[in-house]
Amino acid sequence: MSEFTVTLPSGEIWTPQFISAIDREKCIGCARCARVCARDVLALAGVDEEGELIALDEDEDEEYEKKVMTIAKAHNCIGCAACARVCSKKCPSHAPARV
Ligand code: SF4
Ligand code: SF4
């Protein structure tokens, strides 16, 4: 197995860095990462008293302790790593795909 790479029009070989995790403990739910993601990969979720993730429903008052970012559609990620560059808490982790 080797790392998945892309040959750019310039001839440069690029190794996409796909999102692999978001550190829930450090995340402050600011959503900066989701705003720069062009692929709709990321979504906020609530964290309840037990530390379990709960879906957020804009129509209701949810019982959550805080909001955190989650990887909702990992299969949409193109490995641009923009989400990591805008996160002041260094929460997102990335890794190349293996092929
Ligand atoms: S992962 Fe970082 S940028 Fe995204 S919501 Fe959490 S703290 Fe904000
Ligand atoms: S690496 Fe790029 S495509 Fe993937 S979640 Fe982050 S911003 Fe979105």
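This is a predicted model: local features need pLDDT of at least 70, side-chain atom pairs count only at pLDDT 80 or more; totals for chains, interfaces and linings use all residues.

Visitor: How many bridges join β4 to β5?

Guide: Strand β4 spans residues 42-47 and runs antiparallel to β5. One place to look is V47, which stands opposite L53 in β5. The number of bridges joining the two strands is 2.

Visitor: On to the voids. How much space lies in the largest cavity?

Guide: With a cut-off of 30 Å³ or more, the count comes to 1 cavity. Its lining includes I22, C27, I28, M69, C87 and P92. By class, that lining has 9 nonpolar, 1 polar and 2 charged residues. The space inside is about 80 Å³.

Visitor: Which ligand sits in the largest cavity?

Guide: Compare the names. I22, C27, I28, G29, C30, R32, C33, M69, C87 and C91 are among the residues lining the cavity, and the residues around ligand 1 are I22, C27, I28, G29, C30, A31, R32, C33, M69, C87 and C91. That shell divides into 9 nonpolar, 1 polar and 1 charged. The one sitting in the cavity is ligand 1.

Visitor: And ligand 2, how many nonpolar residues are in the shell around it?

Guide: Ligand 2 is surrounded by I19, C37, R39, V41, C77, I78, C80, A81, C83 and H94. Because Cys counts as nonpolar, like Ala, Val and Ile, C37, C77, C80 and C83 go in that class. The shell also has 1 polar and 1 charged residue, and its nonpolar count is 8.

Visitor: Last topic, charges. How many salt bridges does a search of the whole structure find?

Guide: Side chains of opposite charge can pair when their charged atoms come close. One such pair is E3 with R98, at 3.9 Å from N to O, inside the 4 Å cut-off. For the whole structure, the search finds 2.

Visitor: How many residues apart in sequence are the parts that E3 and R98 tie together?

Guide: E3 lies in the segment before β1 (6-7). R98 lies in the segment after β7 (92-95).

How values were computed: Residues are numbered from 1 along each chain as its sequence is written. Chains are lettered from A and ligands numbered from 1 in the order in which they are written. Side-chain values use heavy atoms; hydrogens and water are left out. Two strands pair if DSSP finds at least two bridges between them. Helices (H or I, at least four residues) and strands (E, at least two) are DSSP runs, numbered from the N terminus. On a 1 Å grid over the protein atoms alone, a cavity is a set of points where a 1.4 Å probe fits but cannot get out, and a pocket is an open set with protein on both sides within 12 Å along at least five of seven lines; lining residues have an atom within 4 Å of a point. Grid points are joined across faces, edges and corners, and a volume is the space filled by probe spheres set on the points. A residue is near a molecule or strand if one of its heavy atoms lies within 4 Å of it. A molecule sits in a cavity or pocket if more than half of its atoms lie within 2 Å of its grid points. A salt bridge is a side-chain nitrogen of Lys or Arg within 4 Å of a carboxyl oxygen of Asp or Glu.
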